[in-house]
Amino acid sequence: FEDCDYVAMEVFNNEWPRIFGEWYRPLELHIPCRDPIDHLMSMCNERKRKFDCNARSKGEIETAINSCETVLVRFSLSLVNQTNINLKCFSAPFKTNEYLEYMGERLQRKSLETEYVQRVTNSKREKE
């Protein structure tokens with residue numbers, strides 16, 4: 001990663017300090033901050049599960065949540081305590097153009113520039 005201005009990885013949260021904790025320059029880790037219910041419904045959709053809205057007891061609610069949660073734990077509050085990692089929260093889902101404008105001021109220009117193409121990673125869902 002020595003020559004990279006931008007790194008995107010779907011990894012467990014403890015990988016960031018393992019890889020970049022002793023890095024030669026600080027890492028700005030961008031965290032998508034989103035509504036917890038919207039995030040849960042997105043995970044249900046990604047796993048093709050229907051959330052049980054009729055769950056009433058604590059056990060039923062936990063079961064409904066656990067059936068949707070993904071295994072990959074990408075965030076932990078322990079990241080706040082890393083001396084060489086700075087967290088930046090972005091409203092999510094964020095507008096791609098706004099994020100690209102923000103990043104455009106910080107990254108080196110590519111020698112061959114192309115137009116950004118959105119790649120859908122999750123199917124559309126009905127927000128009830």
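Tutor: The protein chain exposes about 10,400 Å², and carbon and sulfur atoms supply 52% of that area. Accessible areas here come from the Shrake-Rupley method with a 1.4 Å probe, and for residues only the protein chains shown count as cover. This is a predicted model, in which local features need pLDDT of at least 70 and side-chain atom pairs count only at pLDDT 80 or more, while totals for chains, interfaces and linings use all residues. Residues are numbered from 1 along each chain as its sequence is written, and side-chain values use heavy atoms, with hydrogens and water left out.

Student: How many helices and strands are in the protein chain?

Tutor: Four helices and two strands. Read from the N terminus, the order is α-β-α-α-β-α. Both kinds of element are DSSP runs numbered from the N terminus: helices are H or I with at least four residues, strands are E with at least two.

Student: What radius of gyration does the protein chain have?

Tutor: The protein chain has 18 Å, whereas a compact globule of 128 residues would have a value near 14 Å. The radius is taken over C-alpha atoms, and the globule rule is 2.2 Å times the number of residues to the power 0.38. Along the principal axes, the C-alpha atoms fill a box of roughly 55 × 35 × 20 Å.

Student: What percentage of the residues count as buried?

Tutor: Of the 128 residues, 23%. Buried means under 20% relative accessible area, exposed means over 50%, and partly exposed is in between, using a 1.4 Å probe and protein chains only.

Student: And contacts: what share comes from residues 24 or more positions apart?

Tutor: Such pairs account for 64% of the contacts with a separation of 6 or more. A contact means heavy atoms within 4.5 Å.

Student: Now salt bridges. How many does a search of the whole structure find?

Tutor: One. Glu-15 pairs with Arg-18, with the closest N and O atoms 2.7 Å apart. The criterion is a side-chain nitrogen of Lys or Arg within 4 Å of a carboxyl oxygen of Asp or Glu.

Student: Where do Glu-15 and Arg-18 sit relative to each other?

Tutor: They are three residues apart in helix 1, so about one helical turn separates them. Glu-15 is partly exposed at 22% relative accessibility, and Arg-18 is exposed at 58%.

Student: What about Tyr-24, where is that?

Tutor: Tyr-24 is in the loop between helix 1 and strand 1, and at 52% relative accessibility it counts as exposed. Its C-alpha atom is 18 Å from that of Asn-81, 57 residues away along the chain.

Student: Over to helix 2. Which residues does Asn-45 touch, leaving aside its neighbours within four places in sequence?

Tutor: Asn-45 is in contact with Asn-122, Ser-123, Lys-124 and Arg-125. Asn-45 is in helix 2 (residues 36–46) and is buried at 14% relative accessible area.

Student: And Ser-42?

Tutor: Ser-42 is found in helix 2 and counts as buried at 14% relative accessibility. Leaving aside neighbours within four places in sequence, Ser-42 is in contact with Arg-34, Asn-122 and Arg-125. From Ser-42 to Leu-87, 45 residues apart along the chain, the C-alpha separation is 23 Å.

Student: Last one. What is the phi of Lys-48?

Tutor: It is positive, about 55°, although Lys-48 is not a glycine. Most residues other than glycine have a negative phi. Lys-48 is in the loop between helix 2 and helix 3 (58–68), and at 69% relative accessibility it is exposed.
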